[in-house]
Amino acid sequence: MDSRTEQLDTPSGAAGGAPAGAKPANDDDVSFQIEGMSCANCAGRVEKALGALDGVSEASVNFALNSANVHFDRSKTDTAKIAQAVNDAGYSVVENQLSFDVDGMSCANCALRVEKALAALPGVLTASVNFALERADVSTLSDSVNDARVIKAIEDAGYHATSRNGPASETPDEEGADTVAKKKTDKSLILLAVSALLTAPLVLQMVWMNLGVSYHLPAWVELVLATPVQFYIGARFYKGAYAALRHRSANMDVLVALGTSAAYFLSLYNMVTANAGQAHLYFEASAAIVTLILAGKIMEERAKRGASAAIRELMALRPRRARKLVDGEGEQDVAVESLSVGDIVRVLPGERLPVDGTVRAGDSELDESLITGETRPVARMTGDAVVGGAVNGTGRLDIEVRAVGDDTTLSRIIRLVEQAQTGKAPVQKLVDRVSAVFVPIVVGIALVTLAAWLFTGFGAEASIVAAVSVLVIACPCALGLATPTALVAGTGSAARNGILIRNFEALEQAHNVDTVIFDKTGTLTEGTPTVRNVEAVNGIERDELLRLTAAVQSASEHPLARAIVSLARDEGQTLPDISNFKGKTGAGVMAEVDGRKVVVGSEALLSDQNIGLPADDIAQAIKTHEGEGRTVILVAVDGAFAGYMTLEDRIRENAKQAIADLKARGIASIMLSGDSQDVASHVARELGLERGEGRIRPQDKALEVEKLRKQGRHVAMVGDGINDAPALAAADVGIAMGGGTDVAMETAGITLMRSDPALVSAAIDISIATRRKIAQNLFWAFAYNVVGVPLAALGVLSPAIAGAAMALSSVSVVGNSLTLRRWNAKGRG
């Protein structure tokens with residue numbers, strides 16, 4: 001497939017026709033996998049949909065292989081339209097996600113050029129290049145694009161790329177990447193030191209002259225000092241400019257190369273043509289511009305790495321080796337990648353846990369701060385779940401592996417943070433459009449400046465100096481860095497505090513939230529209810545009622561069910577097998593136990609089964625329990641009411657403060673619960689909620705979200721269970737509690753890594769702070785260019801000062817973003 005497609009990328013031959021067997025230059029082939037086809041008719045439908053696309057000359061769909069091959073004219077259609085045609089036909093294409101490190105980009109224009117080159121590859125659906133992270137993320141049709149083709153496209157655009165794909169053992173080593181980055185920085189620092197030493201006499205001469213000292217260096221000395229700075233230390237700008245112009249583009253390097261070359265060669269011309277001692281030289285300007293911009297790029301690189309430190313810190317938590325316990329052989333030192341689910345590993349005091357698992361022996365306290373944001377050590381003992389990357393305290397632990405590789409909590413966290421950091425804000429589209437035409441416009445302004453100064457009689461020398469100032473003060477870097485650095489720093493700080501923001505859409509919407517809907521169990525309450533009362537009636541013994549109820553509930557994963565089962569086992573009950581188990585979401589469960597039909601759940605469930613409800617005195621007792629915040633579960637045996645159980649789920653310690661924090665922001669808080677209205681009202685009063693609604697089924701939560709949104713409210717939904725997923729998806733912002741299910745976490749835009757309701761307001765706070773930084777950065781980046789370029793054109797700024805301003809502009813934008821690193825969920829700043 002790849003070799004065939006490579007041939008298609010080659011232009012056809014002479015104008016009169018193509019060589020035999022060759023295809024027109026715009027023709028491409030793409031092959032991919034399709035999901036959802038169930039018969040040959042499906043394949044025919046997809047084939048028809050693809051064939052109807054403008055530009056598609058041939059489409060074949062193979063039902064047996066679930067694959068398609070399409071021959072198309074890329075001037076008329078593209079890969080995204082092909083994928084959309086499959087989706088519109090009722091099926092879906094299989095996508096691959098590829099990531100690459102890109103080296104050599106100097107400004108936002110470079111990122112745009114790489115993005116354009118990748119988007120032109122047949123099989124690429126979307127391509128996103130992040131200048132701040134120096135990273136490219138590509139979504140492709142399955143089997144259509146491999147790493148080699150992407151890397152070739154990036155290198156053809158003038159840059160260098162390294163794949164981040166493949167097994168964990170083959171992905172780029174973060175420590176190795178840091179080492180490479182350090183070597184590059186060290187080399188740049190050496191060059192900067194040499195450049196500064198050579199430039200210093202030239203700049204000092206200019207300072208002396210401004211102070212009235214008439215002494216200046218001989219012209220040949222200035223030439224000797226400036227030449228290595230211009231052509232050796234400044235070679236990076238010439239290389240970057242050549243690569244850009246060769247690909248019919250322009251970037252910051254073009255501006256710097258043009259500006260410094262103009263100053264250098266004007267000085268050289270004056271030196272050669274003028275009488276001895278009368279030459280007006282600008283060698284100090286060209287050398288100072290190179291030195292200052294090089295210094296600015298070094299500071300910018302360091303600041304960018306500071307902004308993206310969160311990912312490196314998380315990756316550093318992953319141990320490479322583990323102590324595996326093997327029967328009869330004791331401990332074995334093995335690579336973490338070789339572990340399998342079910343293996344037992346031993347963790348000594350002070351070591352990091354290599355995997356997610358369950359403690360099988362020992363107890364200790366773990367520091368999970370870099371994973372969950374919880375600063376206090378947490379106690380872990382036999383039977384407790386633990387996460388890889390946590391630091392073991394003073395105890396020795398034997399842990400059974402339950403997740404390895406990409407399935408571990410730490411890997412999922414890294415994946416979520418990377419998704420957020422590599423995304424683009426909507427405003428970035430405007431920035432990209434500006435950046436695409438920025439350099440040509442600046443060159444045009446420089447030419448207009450040159451012509452205007454010449455026309456007004458200032459002479460060639462002064463006109464060139466003004467044009468040079470325009471070229472070197474314009475800075476596309478500041479524009480390109482404004483959004484991604486703030487996004488990277490903000491999401492990184494959020495992750496350090498246990499808040500995972502999946503994408504910019506969640507960040508954008510969180511800023512507007514004015515209503516927060518909370519689930520009750522596991523969100524506002526601890527999610528570990530305990531049984532308070534077991535009341536049996538109608539001739540059923542209390543222990544028998546508990547045994548039958550626990551047997552039915554043993555098939556359920558609901559927290560209330562687990563509490564009942566736990567009580568039965570604590571009391572030594574042996575739970576019988578059940579049959580014909582049925583569950584009704586939000587209402588209860590039923591099954592046959594020892595030949596008896598047992599129904600456990602709400603009044604609504606008993607009514608549906610035509611079972612009589614409790615007598616008035618029992619009903620009043622139940623109402624009293626619910627009024628005190630306890631959950632009541634009714635039980636019926638063989639069609640007759642047999643008793644009830646009350647359970648109490650304690651309200652989380654900081655839930656009340658969390659609601660108060662939201663109220664202080666003017667955000668309304670609502671609770672939706674499957675419990676009775678009395679329980680919901682009790683919890684709402686305790687916490688100061690605007691209202692608490694009971695007897696809410698899972699589907700009703702999503703309807704309530706939609707209802708509030710139609711009223712014009714911006715709604716956030718906070719939950720932790722599978723039954724919360726529809727509401728999480730329906731809300732403007734879905735917020736999943738970290739202790740919840742994978743479904744909730746995958747559906748939500750924001751995940752809280754610890755079950756702390758106070759993090760809800762913190763998530764809104766960091767969203768607002770990040771958006772504020774983006775707005776500030778864009779304002780200053782635009783303002784800098786809008787003000788700086790006219791000042792340079794008017795001759796107010798000398799080339800050297802303009803170069804210093806250019807260097808500092810991008811550094812100031814990144815520095816402003818870095819202030820987000822000081823943000824924390826407790827101090828909020």
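1. Let me start with arginine 695. In this predicted model, arginine 695 is partly exposed, with a relative accessible area of 42%. That value falls between the 20% below which a residue counts as buried and the 50% above which a residue counts as exposed. Arginine 695 sits in the loop that links β27 (691-693) to α25 (698-710). Its backbone deserves a look in your viewer: phi is positive, about 55°, although arginine 695 is not a glycine.

2. Aspartate 638 belongs to the loop between β24 (631-637) and β25 (640-648). With a relative accessible area of 48%, aspartate 638 is partly exposed.

3. Now the overall picture. The protein has 829 residues, and 52% of them count as buried. Its secondary structure comprises 29 helices and 30 strands. The C-alpha trace spans about 120 × 70 × 65 Å along the principal axes. Among contacts with a separation of 6 or more, 68% join residues 24 or more positions apart.

4. Which residues touch the most other members of the largest nonpolar core? They are Met105, Leu118, Val150, Ile154, Ile499, Val516 and Ile750, in a core of 132 residues. Helix α28 (residues 758-793) supplies the largest share of this core, with 15 residues. Apart from this core lies another of 29 residues, including Val345, Ile413, Val417 and Met753.

5. Setting aside neighbours within four places in sequence, valine 516 is in contact with Leu662, Ile667, Ala668, Ser669, Ile670, Ala716, Val718 and Val760.

6. Isoleucine 735 lies in strand β29 (residues 733-737). Is isoleucine 735 buried or exposed? The relative accessible area is 1%, so isoleucine 735 is buried. Beyond neighbours within four places in sequence, its contacts are Ala716, Met717, Val718, Gly719, Leu728, Ala748, Ile750, Leu752 and Val760. Ala716, Val718 and Val760 are also among the contacts listed for valine 516. For a sense of scale, isoleucine 735 and phenylalanine 455 are 280 residues apart in sequence and 63 Å apart in space, C-alpha to C-alpha.

7. Next, a pair of helices. Helix α9 (residues 252-273) packs with helix α14 (residues 426-455) at an angle of about 20°, and their axes are 9 Å apart. Angles under 35 degrees count as roughly parallel, so α9 is roughly parallel to α14. On the α9 side, Met252, Val254, Leu255 and Leu258 meet Val439, Val442 and Val443 of α14. By class, this contact has 7 nonpolar residues, with no polar and no charged ones.

8. Another helix pair is α2 (residues 40-51) with α3 (residues 79-88), whose axes come within 9 Å and cross at roughly 140°. Why is α2 described as oblique to α3? Roughly antiparallel would need an angle over 145 degrees, so at roughly 140° α2 is oblique to α3. The crossing of α2 and α3 is right-handed. Val46, Ala49 and Leu50 of α2 make the contact with Ile82, Ala85 and Val86 of α3. The residues of this contact divide into 6 nonpolar, no polar and no charged.

Technical notes:
Residues are numbered from 1 along each chain as its sequence is written. This is a predicted model: local features need pLDDT of at least 70, side-chain atom pairs count only at pLDDT 80 or more; totals for chains, interfaces and linings use all residues. Side-chain values use heavy atoms; hydrogens and water are left out. Axes are lines fitted to C-alpha atoms, for helices over the stretch in contact, and angles run from 0 to 180 degrees between N-to-C directions. Helices (H or I, at least four residues) and strands (E, at least two) are DSSP runs, numbered from the N terminus. Angles under 35 degrees count as roughly parallel, over 145 as roughly antiparallel, 65 to 115 as roughly perpendicular and the rest as oblique. Contact means heavy atoms within 4.5 Å. Ala, Val, Leu, Ile, Met, Phe, Trp, Tyr, Cys and Pro count as nonpolar, Asp, Glu, Lys and Arg as charged, and the others, Gly among them, as polar. Buried means under 20% relative accessible area, exposed over 50%, partly exposed in between (1.4 Å probe, protein chains only). A nonpolar core is a set of buried Ala, Val, Leu, Ile, Met, Phe, Trp, Tyr and Cys residues joined through side-chain atoms within 4.5 Å. A crossing is left-handed if the near helix is turned anticlockwise from the far one by less than a right angle, and right-handed if clockwise.
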